[in-house]
Amino acid sequence: MKFDDILSEINGFGKFQIRLVLIQMLSRMTMPCHFLLNNFMAAVPSHHCNISALDDGYVFGNLTLEQKLAVGIPAEQDGTPSSCLMFSEPRYQYLSASNSSDDPFIVQCQNGWVYDNSTFKSTLATEWDLVCSRKAMNKATATVFFIGIMLGAPLFGFLSDRYGRRPLLLVSYLSSLLFAVFSAFSSSYAMFTIMRFFTGMTLAGISIISFVLNVEWFSIEHRTFSGIIISLDWTFGNWLLVGFAYWVKDWRMLIVVVTSPLILSVFTWRWLPESARWLLANGKADAAHHYIMQCAEMNNRSKHMATITPATILEFTETKTESRKYTILDLFKTPNMRKLAINSAIVWFGVAFTYYGISLNITGFGLNPYLTQFIFASIEMPMKIGVYFFLVKVGRKPGQTGTLVLTGVCLLINMFIAKGNVIRTVVAVLGKALSEASFTIVYLYTTELYPTVVRQNGLGYTSFMARLGVSISPLIMLLEDVWHLLPSLIYCAVAVGSGLVGLLLPETLNAELPELIEDIEKPK
């Protein structure tokens, strides 16, 4: 008799599990708000050089704004004022002639920039002039944040496998709140990037621990449904981000507002249970019995557990408790685990690299950023409903491979469609939906692939590889200066390649969750 059999007896999808999901929804909705925050916090509004220094006290001061731009800033090929160049002195001949980009008096901006504040009141770009030669510093803020997540994932994975899911969740809540508030009130770019690094590191704990804690309390027949329901938190968080960003135009206050749900999470943490699977795997039968009885009572199944004691639970679940502690190194010590670890890491890298390549480039489709973000969020709901039925009827492996490969196909098609074309927008939304579907599947799939004793280590390790991909993803857009189609080509190749690697992973549809590494090496 396995733990999954006990869960089925006490109802693996009852009031207890619903309460667990709802409590963690508060914290999980903050995840997309922070992960995609750069779309608004680091937005770059239209800008041009500050040419007030060109005022000679005579003619220049009497010109209209349009005329000042004509004599002070060279025009781009499309006729708009240059964002990074200006004339070193007023070129009055351009009042009656076409502006020339070959003028010998062209120089880089000398006195800062003037920004269009009609859409955003304040962003990182306007706060510290992260434009033109400093635009890489703006992209780097997302990279630093995801490097923090990359390092935090294995750290919290290891700690939660060692000390439990529940206490580490509280640590994640409190530390994420602290560092997010510090980042919002940073007085310099350096301080901000450091605080965002630690914010990412601590949010990683919420990301991986909350998902595993939820799935470990659901029975086999409801595990797919639980994975989809949990992933809807991301969709709700996306909508929440659009609303917050639309009403809060200052980047400092936006950080505070999107982090505020964690305050409620701290207060509701007291009602979160520990994972009974983890407790049993670590020989804590009394504590496991307490939470199992709590689950049975809340689900009106107490009579099924009337004669069950902590000792019989250990006996029934056939759990071989060991005194030794597992680390991330155990993922590579045996052949089947090693194969699983390498292949799942490649899939995670591709999923995250592609997803954020699309999600962090909402200005690349020629639409209003709020509208684009709302469309991207809205398409996730029907896609996740479709994913649920696909996973139940067909399986995880074809779903993982199919969504990644089709995402790559959408990216390939859009390489040949001009911006502003409605077909490009439709294909982009479809590609975004498919990439979101691949992310939904990979969380559930990975949780089912790794055994309980190293499940958080496994999810921490794969999350590390995912965040490595995410850290690189924003910087790939800088390659458009080399060739405008190069970023899309790279995203496409990675999506298709990682999707094909997914074919090497085993299917987990209707399979029991493995408890020990031996279950992977010698499956029953």
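Me: How far apart are the end C-alpha atoms of helix H19, and what should its 28 residues span?
Reply: In this predicted model, helix H19 covers residues 422-449. At 1.5 Å a residue, its 28 residues should span 40 Å, and the end C-alpha atoms are 40 Å apart, which agrees.

Me: Is H19 mostly covered or mostly open, and how many of its residues are buried?
Reply: Helix H19 is mostly covered, with 24 of its 28 residues buried.

Me: Which residue forms a salt bridge with Lys432?
Reply: Glu380 does, and the closest N and O atoms of the two are 2.9 Å apart. Glu380 belongs to helix H17 (residues 369-393) and Lys432 to helix H19, so this pair ties together parts that are 52 residues apart in sequence.

Me: Are those two buried or exposed?
Reply: Glu380 has a relative accessibility of 0%, so it counts as buried. Lys432 is buried as well, because its relative accessible area is 2%, which is under the 20% limit for that class.

Me: What does Glu448 pair with?
Reply: Glu448 forms a salt bridge with Arg396, and their closest N and O atoms are 2.7 Å apart. This pair links distant parts of the chain, with Glu448 in helix H19 and Arg396 in helix H18, 52 residues apart. Both Glu448 and Arg396 are buried.

Me: Why can such side chains pair at all?
Reply: Side chains of opposite charge can pair when their charged atoms come close.

Me: How many salt bridges are there, and which residues are linked in a network?
Reply: The count comes to 12 salt bridges. Asp161, Arg165, Glu216 and Arg455 are linked in a network of them. Asp161 is buried, with a relative accessible area of 6%, and Arg165 counts as buried at 0%.

Me: Changing topic: what is the secondary structure of the whole chain?
Reply: The protein chain has 22 helices and 4 strands. Its radius of gyration is 26 Å, close to the 24 Å that the globule rule gives for 524 residues, so the chain is as compact as a globular protein of that length. Along its principal axes, the C-alpha trace spans about 95 × 45 × 40 Å.

Me: What share of the residues is buried, and what makes up the accessible surface?
Reply: Of the 524 residues, 56% count as buried. The accessible surface comes to about 21300 Å², and 65% of this belongs to carbon and sulfur atoms.

Me: Which residues form a nonpolar patch on the surface?
Reply: Leu178, Val181, Phe182 and Phe185 form it, and together they have about 370 Å² of accessible area. Phe182 is placed in helix H8 (residues 165-184) and is partly exposed, with a relative accessible area of 39%.

Me: Which residues does Pro398 touch, leaving out those up to four places away in sequence?
Reply: Pro398 touches Phe390 and Glu507. Pro398 is in helix H18 (residues 396-414) and counts as partly exposed at 33% relative accessibility.

Definitions and conventions: Residues are numbered from 1 along each chain as its sequence is written. This is a predicted model: local features need pLDDT of at least 70, side-chain atom pairs count only at pLDDT 80 or more; totals for chains, interfaces and linings use all residues. Side-chain values use heavy atoms; hydrogens and water are left out. Helices (H or I, at least four residues) and strands (E, at least two) are DSSP runs, numbered from the N terminus. The expected span of a helix is 1.5 Å times one less than its number of residues. Buried means under 20% relative accessible area, exposed over 50%, partly exposed in between (1.4 Å probe, protein chains only). Patches are made of residues with over 30% relative accessible area and no salt bridge: like charges are joined within 9 Å, nonpolar side chains (Val, Leu, Ile, Met, Phe, Trp, Tyr) within 5 Å. Accessible areas come from the Shrake-Rupley method with a 1.4 Å probe; for residues, only the protein chains shown count as cover. A salt bridge is a side-chain nitrogen of Lys or Arg within 4 Å of a carboxyl oxygen of Asp or Glu. The radius of gyration is taken over C-alpha atoms; the globule rule is 2.2 Å times the number of residues to the power 0.38. Contact means heavy atoms within 4.5 Å.
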